[in-house]
Amino acid sequence: MKTSTLPALRVKPELREAAERALRPNETLSKLMESSLESFIAQRAAEDEFIARGLRAAANAQQSNHYVSAEAVLAQLDQRIASAKRT
C-alpha cells in the first residue's frame, strides 16, 4: 500500500522544542506526530461512540418510559465501591 503525506504543520518554536524534548531514543519527530495522530483518532472515535450510545440509551428510555433515578445509580455505584474495597 502506498503511503500518503499530511499537510505541513506550522507551530511555534516553543512547541517544536517541547516535541523534540519528548522524543524517545531513536524516535523521530515524524513518528511522534504519526503516533500522536493515531492516538487522537482512536480517542475521538471512542468519544463519538460513547456519545452515540448515550443518545441511543436516552431515546430507548424515552420510548419505553423506563428511567432509573440518579439516586439508584449512585447507590449501586456505592455498593460496587464498598465491595471492591472489601476484596
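Reply: Start with a cut-off. A salt bridge needs a side-chain nitrogen of Lys or Arg within 4 Å of a carboxyl oxygen of Asp or Glu. Keep in mind that this is a predicted model.

Me: Why is the contact between R56 and E49 called a salt bridge?

Reply: The N to O distance between the R56 and E49 side chains is 3.2 Å. The limit is 4 Å, so the pair qualifies. Side chains of opposite charge can pair when their charged atoms come close.

Me: What makes R56 and E49 partly exposed?

Reply: R56 has 44% relative accessibility. E49 has a relative accessible area of 36%. Buried means under 20% and exposed means over 50%. Both values fall in between, so both residues are partly exposed.

Me: How many salt bridges does the structure hold?

Reply: The structure holds three. Another of them joins E20 and R16, at 2.8 Å from N to O. These two residues both lie in helix α1, four residues apart, about one turn of the helix.

Me: How do you know that K31 and E34 pass the distance test?

Reply: Their side chains meet at 3.7 Å, N to O. That is within 4 Å, so K31 and E34 form a salt bridge. Both sit in helix α2, which spans residues 29-64. They are three residues apart, about one turn of the helix.

Me: Why is K31 not called exposed?

Reply: K31 has a relative accessible area of 41%. Exposed requires over 50%, so K31 counts as partly exposed. E34, at 40%, gets the partly exposed label too.

Me: What makes L6 exposed?

Reply: L6 has a relative accessible area of 62%. The cut-off is over 50%, so L6 is exposed. L6 is found in the segment before α1. Together with L37, F40 and I41, L6 forms a nonpolar patch on the surface. The accessible area of the patch is about 400 Å².

Me: What is the volume of the largest pocket, and which residues are closest to its centre?

Reply: The volume is about 720 Å³. Of the 21 lining residues, L9, L29, S30, M33 and E34 are the closest to the centre. The elements that give two or more residues to the lining are α1 and α2. The largest share, nine residues, comes from α2.

Me: How does the lining divide by residue type?

Reply: There are 13 nonpolar, four polar and four charged residues. E34 is in that lining. Glu counts as charged, so E34 belongs with the charged residues.

Notes. Residues are numbered from 1 along each chain as its sequence is written. This is a predicted model: local features need pLDDT of at least 70, side-chain atom pairs count only at pLDDT 80 or more; totals for chains, interfaces and linings use all residues. Side-chain values use heavy atoms; hydrogens and water are left out. Patches are made of residues with over 30% relative accessible area and no salt bridge: like charges are joined within 9 Å, nonpolar side chains (Val, Leu, Ile, Met, Phe, Trp, Tyr) within 5 Å. Accessible areas come from the Shrake-Rupley method with a 1.4 Å probe; for residues, only the protein chains shown count as cover. Buried means under 20% relative accessible area, exposed over 50%, partly exposed in between (1.4 Å probe, protein chains only). On a 1 Å grid over the protein atoms alone, a cavity is a set of points where a 1.4 Å probe fits but cannot get out, and a pocket is an open set with protein on both sides within 12 Å along at least five of seven lines; lining residues have an atom within 4 Å of a point. Grid points are joined across faces, edges and corners, and a volume is the space filled by probe spheres set on the points.
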